[in-house]
Every structure is written in C-alpha cells, then in structure tokens.
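Subject: Structure for your reading

Dear colleague,

Please find below the sequence and the structure that I am handing over to you. I would be grateful if you kept them open while reading the notes.

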Amino acid sequence: MACKLQGTLISCHSRTTKFVDQKDRAASVVPQALLTHQTKLPHFNITYVPSPTPSMDKIPFQTSQTNELPISTSGKFGRFGGKFVPETIVASLTNLEAEFKKSMADDAFQAELAEALRDYAGRETPLYHAKRLSEYYKSMNNGKGPDIYLKREDLNHGGSHKMNNALAQAMIAKRMGCKSVVTATGSGQHGLATAAACAKLALECTVFMAAKDIERQYSNVRLMKLLGAQVEAVDGGFRDAASDAFRCWVGDLENKYHLTGSAVGPHPCPSMVREFQSVIGKETRMQALEKWGGKPDVLVACVGTGSNALGLFHEFVGDEDVRLIGVEGGGLGLDSGKHSSTLTKGEVGVYHGTISYLLQDEHGQIIHPHSIAAGMEYPGVGPELSFLKESGRAEFFAATDEEALDAYENLCKLEGIFPSLEAAHALGILDKLAPTLCDGTKVVVNCSGRGDKDAAIVFNRRLLDKQS
Ligand SMILES: Cc1ncc(COP(=O)(O)O)c(C=O)c1O
C-alpha cells in the first residue's frame, strides 16, 4: 500500500513551497519562543541552538571557551521528556548528567573527541550533491525541481551516524571509571559503533539485540563479535532489547555504563545523544554556506527514535526559513496497524523513563511496531522530536516498506550509493515531496547509514516480487 503524505501545497514563495498537514496549517508557523535561544558554541566553530523548549529550566555553565551552554536540568521539552525511573537509579542518572556537563566544559574532553571524530570516525562527512537524483525529479517536471544533497553519515567509520555518539559516550564511561558498557541495538549499527568505540578504549561491551534482528542484520552481529563484544539475544523486538540492556545496567550500577544510542529514555540520555549527534547539522550549515552561500531550504531525515533527525535538525531549529521533515516507518501502510509511525499515529504516554508519543492501544498497552528497517522499529520516539511535532516546528510523514525499497534501489542505480533501509525511508518521501518544491530548492537528506547490511533483504524481496 502506498504511503499517504496527507497534506496540501499551500504556498510557493521564493524557492520553497510549504507542504503541511491539512488539519494543521499552523504547522508552517514557527513559535516565537523557539527563535529566541540562539547562542554560539565555539567547538567546531559553528552556531549552536540549544534545546528549543519555552518552559525549559536552564542552567548556564562554562564551555571550554567563554560561551554558556544552556542545558535543561529537568530534561523537559515542553510537556515531554523527564526522568520516570525508580528512585534507586535517580542518583546514577544525576551522576551521569554531572559527568556529561563536566566533560562538555572540559578542553581535554573536547580535544579528545574532536580528534576521535576526525581521525577515527572520519569526520567531517561530505555534503554530496546528488546530481542524477536531482535530475531524475527535475525530468518529471519540465527540468525544474529541487537540488538534492546527501549528508553522507554512511561514510562514518562503522557505516552510520551512530559512531558520533558512541565514541563520545564511551569516553564518558571511561572518565566515570566504568569498565563495562551495556547497550541495545536494532539494526546493529549502534551495536557496531559501540563495540568499536569500546575496543578502542579498552572497555568490555555487551550488546542486547532481538533474535529476529540478529537474523536479519547478521553482518553487523558478526562484526560486533569480531570487535570483541558479547551479543545477547532477546525475545521480541528492539524495545525488549532496550529493556534488557536497562535491566542489566540497573543490576550493576557501580561498574556498568549504559550507552544509549537512541534519543529516548530518561534525562539526560536524550539530551546527550542529541548533543553528540548535533555535529551533523553544524557541519551541514558550514558546508551549505561553502557550496551555495546560503542555508538549506529543507532538511529531511528518517525517524526511528530521533537521533539522526535531531542531529541534523537541531542546528536549524531557530532558522524559521528552514523546513524540518522527519520520515517515519510507514510499514505496510498507516491503516494496516503494521507500521512504526509513532509521531503520525501515536498518542502521548510514558515509556522507557520518558514522556513522548507512543504507539499504544486504548488501554495504554504498547502496540508492536513494524518496519522493514530494523532501526525504525520502536514504539516510541524521543521527547525532543515529540516537542518539535507538537509545537509545529517540524513536519512528520511516513514512507512505507515498499517506498523505502524503491528508494534504496533508486539511489543505487542513480548515484552508486547504497543507503541503509532506515535512510531509504528519508529518500522514500522524495517522490511526493520533490514535485511540491520550487526550482532550485536546496534539500538536504540525511543518509544516516550504509546499506550493505540490508542488501540481502532488498535483493530477496525483489526476487520474490519478480516470482509472484
Ligand atoms: C543507519 C540508521 N539510521 C537511522 C536509524 C534510526 O534511529 P534514529 O532515529 O535514532 O536515528 C538507525 C537505527 O538503528 C540506523 O541504524
């Protein structure tokens, strides 16, 4: 079933058109409160936009230079976020937050992280002009259409954006004196990034992963094991793996570090992950300035829990003229009950220690998500993205499994780039989005990961399609 991009073209001013939900035309208006928080963060010499929360409870602290970095103490993004955990782990989360803030303000940490991102992860990642992909859409509209650029997070060591956060948090684990790291992974990309960072820093690593994800993403499992990680199979899906990783950490708070790769969970986890991923947007701003002397008009990213989307969006939240578009897993279609479209179809609830949108039934029970991309299959989403949806600052749509498969194949054939099936969801929205955009609109799509892990899935699905 085809995904529905429910909305309408409402204007075409300068180079950008607005495509907003018909029920929510106010979505194109940026709340004034979001535009007032812009400050400068000197690391990477790029503009930093702090958490866009009007009610945010800010405490300033010194960074390595002179600027102040406001971070919410409560971890609230409007009515989302927070720290809904048993009392026994509040102290551990408070210690983690203190170490995070201390590290961010520490020159030595910043220098070590900058070096690791450059020499180990391979940053900065290119902003690639996908000329043939752009031509493909222009050819359908008398040679007019958007210029599409890919932020090549797939070129990071480990093959995804997950390395940005894994390296930084593994360094924090080390500073906290922890010898052992636990984590959960869906697609295996975060597990792989964490296993690599742990090998580099001589930390033990245990990765919890759903048995069905171990099967469909086995190439990553093999690599995690070669990198020295222990991979624990869990019944259920990624959400169950996440619960088990959390339980494992709670069982040994003294020695273990819970290294989350998702922008979900209790405070400070979502803020930490977003902070370490925000390098994506900071680089994008500089690269756009270099390449066309301006800002992107539209940013597009897939949404599993929100880490790559926030990584790209965060820098631009205060830029009213930059559209932020998140693409969720539409699975078999939004009306099929088999999808991962939390922001599109979910309701607000508490899960894994935080308030956010959730896929739940009328009794508040979690509905099993579905996506062809393992990394999209989570019933919740981060609190910060929940806030960006509710405030109308970001727009969210869904791409189906089928649309993601088509986008995977299209990028292979047109650009010689194989995206992860997660990133293919972001690309999968272009069929509907591109025709609504004015000629020359600059669109940046986050290519969050590389797709060799998914080659067999795509290949076998297409083989089956041919046979049927
Ligand atoms: C390559 C890649 N992109 C995107 C995602 C989705 O997660 P998030 O929304 O946190 O970026 C994943 C999750 O595993 C992933 O591996």
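The notes below go from the whole chain to the sheet, the helices and the loops.

This is a predicted model, in which local features need pLDDT of at least 70, side-chain atom pairs count only at pLDDT 80 or more, and totals for chains, interfaces and linings use all residues. Residues are numbered from 1 along each chain as its sequence is written.

**The whole chain**

The protein chain holds 17 helices and 20 strands. Here helices (H or I, at least four residues) and strands (E, at least two) are DSSP runs, numbered from the N terminus. Of the 468 residues, 55% count as buried. A residue is called buried if 20 or more other C-beta atoms lie within 10 Å of its own, exposed if 12 or fewer, and partly exposed in between, with C-beta atoms placed from the backbone. Among the contacts in the chain with a separation of 6 or more, 72% come from residues 24 or more positions apart. Two residues are in contact if their C-beta atoms, placed from the backbone, lie within 7 Å.

Strands of a sheet pair through backbone hydrogen bonds, either parallel or antiparallel. An open sheet in this model has four strands in the order S13-S12-S11-S14, and the pairing is parallel. Strand S13 (230-234) and strand S14 (256-258) stand at the edges with a single partner strand each, so one side of each has no neighbour in the sheet. From one strand to the next, the twist averages 25°. Two strands count as paired if DSSP finds at least two bridges between them. Strand S11 (residues 180-185) and strand S12 (residues 204-210) pair in the parallel sense over six bridges, and Val-181 stands opposite Cys-205 in S12. Helix H5 (residues 189-200) packs on the sheet and touches S11 and S12. The direction of H5 makes about 170° with that of S12. Axes are lines fitted to C-alpha atoms, for helices over the stretch in contact, and angles run from 0 to 180 degrees between N-to-C directions.

**Helices that cross**

The axes of helix H3 (residues 131-138) and helix H14 (residues 401-415) come within 8 Å and cross at roughly 115°. H3 and H14 are therefore roughly perpendicular to each other; angles under 35 degrees count as roughly parallel, over 145 as roughly antiparallel, 65 to 115 as roughly perpendicular and the rest as oblique. H3 passes H14 in a right-handed crossing. A crossing is right-handed if the near helix is turned clockwise from the far one by less than a right angle, and left-handed if anticlockwise. On H3 the contact is made by Arg-132, Leu-133 and Tyr-136, and on H14 by Leu-411, Leu-414 and Glu-415. By class, this contact of H3 with H14 has four nonpolar, no polar and two charged residues. In this scheme Ala, Val, Leu, Ile, Met, Phe, Trp, Tyr, Cys and Pro count as nonpolar, Asp, Glu, Lys and Arg as charged, and the others, Gly among them, as polar.

Helix H4 (residues 162-175) and helix H9 (residues 269-277) also have axes that come within 8 Å and cross at roughly 115°, and their crossing is right-handed. Asn-164, Asn-165, Ala-168 and Gln-169 in H4 meet Met-272, Val-273, Phe-276 and Gln-277 in H9. The contact of H4 with H9 has four nonpolar, four polar and no charged residues.

Helix H15 (residues 421-428) is mostly covered, with eight of its eight residues buried. Among them are Glu-422 and His-425.

**Details in the loops**

The loop between H3 and strand S10 (147-152) holds Gly-143, and Asn-142 also lies between H3 and S10. Phi of Asn-142 is near 55°, a positive value in a residue other than glycine. Asn-142 is exposed, with 8 other C-beta atoms within 10 Å. Gly-143 is exposed, with 9 such atoms within 10 Å. From C-alpha to C-alpha, Gly-143 and Asp-439 are 8.6 Å apart in space, although 296 residues apart in sequence.

His-352, in the loop between strand S17 (347-351) and strand S18 (354-358), has a positive phi of about 45° although it is not a glycine. His-352 is buried, with 22 other C-beta atoms within 10 Å.

A cis peptide bond joins His-267 and Pro-268, with omega about 15°. Pro-268 lies in the loop between S14 and H9.

With kind regards
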